[in-house]
Amino acid sequence: MNYISTRDARLTNESVSAACAIKRGLAINGGLYMPRRIPQLEEGELASFLPLSYEALAAKVIAKYLTDFTEEELLSYAGLAYSPDRFPEGAIALSPEIGGQFFIELWHGPTCAFKDMALQLMPRLLAASLKKTAEHRTAVILVATSGDTGKAALEGFSGVDGVKIQVFYPKGGVSRVQELQMVTQEGGNVKVSAVEGNFDTAQTELKRIFIDKEFAKTVRESEAILTSANSINFGRLVPQVVYYVYSYLELVRCGRVSLGSPVDVCVPTGNFGNILAAYMAKRMGVPFRRFICASNQNNVLTDFIRTGHYTKKRDFHLTISPSMDILVSSNLERLLYLIAGDEKVRLWMRALRETGEYTVDPETLAALQSEFSGYFCGETETKETIRRTFDSFGYLIDTHTAVAANCAEQYRRETGGDLPILTASTASPFKFAAAVYEALTGEHTDDALKALDLLAARAGRPIPAPLAACTKKPVRFTETVTTDGMRPSIAEFIR
Ligand SMILES: *Cc1c(COP(=O)(O)O)cnc(C)c1O
């Protein structure tokens, strides 16, 4: 199956293999790659998945998308990616039912955030894609991160042959633990730089760098090719579809729903990758009814889903859920492509670039609203949700997951929602220890490392090993650049 651009594929006539789409990251005309059609589960296939291990399911689901990879090959990558030394507690865990919600804990990997689910597998897909496309140049992965992608990508790509990785994070826009995790990263093929500005400034500049003809020369002279490990890369997205299929099957296995009965899904959303993966699972045939798109105070998606008008011309807020502090949500483009088609998407994305906003037509809005609900949750409510969930259920959630939990509650209240809700739990509470500790106790601490100990004592749980470790490692990276300084910094790194 071939991959085409979300922005009117006919204009550039670009149709490439999965391996090529993963290698390139971004389509030639600036759009995102999508498979020509979403593969379908066959009659009885979901039932046949019930006995499968996580790795076996991953191989089966991903093979439907990446048709130039064999199932055996994918099974060996998945076996390595989700192995017990990386996921000692298993790939994912489902919480007990809490007020009608089941939390899918996606953070039992090496960096304690859900990004590991994709970024432990994707480097293997990329390395294989380079081979499959007979690529001899060095693949340089450039990542803009709002905090969690950066570390997960560094961890996934460190030491991978034929690959270099440079991560840009917004100075002051990530938690202290997130920053420490990144600037202490080991490995000879990695670089980490802080950027003045916020995540959107860094991501927008990176997108420009990818299509900059002048800079492309520098890259060619260094015998390198640029690619992306952000969720604009399809190789990042497809591993995420797997855990939605798996967690639905978990609900069936534990007897909460019968096979084929619908459930709702709630996802704390930033760049729209995670919730899009859930939607793709539905398009394949998993019985999901409605998607609750949960935002923090940066509620650009809530407004869009409610009105059809997208505008990034608004105040940007730094919140206690920094991985969702995003105003330009890249993967929304893929959803719009799926429901409205590539010709419309091209026009909307041009309007977004040129005017900072766009409005979809009434049919598109109706289609969107038939499956998506948008809610958001402010800072006070986020903290209150963390405290209430812990006090009432003894269940500790991080700030991002709390945004989702609160939005799921709003949805249930407003709609009288009757179905169980699968809520994506996207980070370990320890990754945002200071904010979580303050939510529980009302006590503020500026010392993020002390907060780890305080939270462990308060919650009666140990600090996850990977987080405890990063506080003891030496800092390797101290560079801060402006957006104009990103090109020279990359040039120096790839030389
Ligand atoms: C990245 C991230 C999100 C947002 O996910 P998207 O796929 O960008 O929508 C939410 N929570 C956490 C903890 C994250 O790291």
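## Ligand contacts

A nitrogen atom of the ligand lies 2.9 Å from a polar side-chain atom of Thr426. The model is predicted. The side chain of Lys115 places an N or O atom 2.5 Å from an oxygen atom of the ligand. A polar backbone atom of Gly273 is 3.3 Å from an oxygen atom of the ligand. On its own, the ligand has 380 Å² of accessible area, and the protein covers 97% of that.

These pairs count as polar contacts because their N or O atoms lie within 3.5 Å of each other. Thr426 and Lys115 contribute through side-chain atoms. Gly273 contributes through the backbone.

## The shell and its cavity

Which residues come nearest to the ligand? They are Lys115, Asp148, Gly270, Asn271 and Thr426, out of 15 residues around the ligand.

By class, the shell holds eight polar residues, five nonpolar and two charged. The ligand takes up the space of the largest cavity.

How do S3 and S4 run, parallel or antiparallel? They run antiparallel, and two bridges join S3 to strand S4, residues 101–105. Leu94 stands opposite Ile104 in S4. In general, strands of a sheet pair through backbone hydrogen bonds, in either the parallel or the antiparallel sense.

## The five-stranded sheet

Another open sheet has five strands and parallel pairing. The strand order is S8-S5-S6-S7-S15. Which strands form the edges here? Strand S8 (224–228) and strand S15 (480–481) do, each pairing on one side only.

S15 pairs with strand S7, residues 190–195, in the parallel sense over two bridges. Within this pair, Ala194 stands opposite Thr480 in S15.

Note on methods
Residues are numbered from 1 along each chain as its sequence is written. This is a predicted model: local features need pLDDT of at least 70, side-chain atom pairs count only at pLDDT 80 or more; totals for chains, interfaces and linings use all residues. Side-chain values use heavy atoms; hydrogens and water are left out. A residue is near a molecule or strand if one of its heavy atoms lies within 4 Å of it. A polar contact is a pair of N or O atoms within 3.5 Å; within protein, one must be able to donate a hydrogen and the other to accept it, and residues adjacent in sequence count only if both atoms are side-chain atoms. Accessible areas come from the Shrake-Rupley method with a 1.4 Å probe; for residues, only the protein chains shown count as cover. On a 1 Å grid over the protein atoms alone, a cavity is a set of points where a 1.4 Å probe fits but cannot get out, and a pocket is an open set with protein on both sides within 12 Å along at least five of seven lines; lining residues have an atom within 4 Å of a point. A molecule sits in a cavity or pocket if more than half of its atoms lie within 2 Å of its grid points. Ala, Val, Leu, Ile, Met, Phe, Trp, Tyr, Cys and Pro count as nonpolar, Asp, Glu, Lys and Arg as charged, and the others, Gly among them, as polar. Two strands pair if DSSP finds at least two bridges between them. Helices (H or I, at least four residues) and strands (E, at least two) are DSSP runs, numbered from the N terminus.
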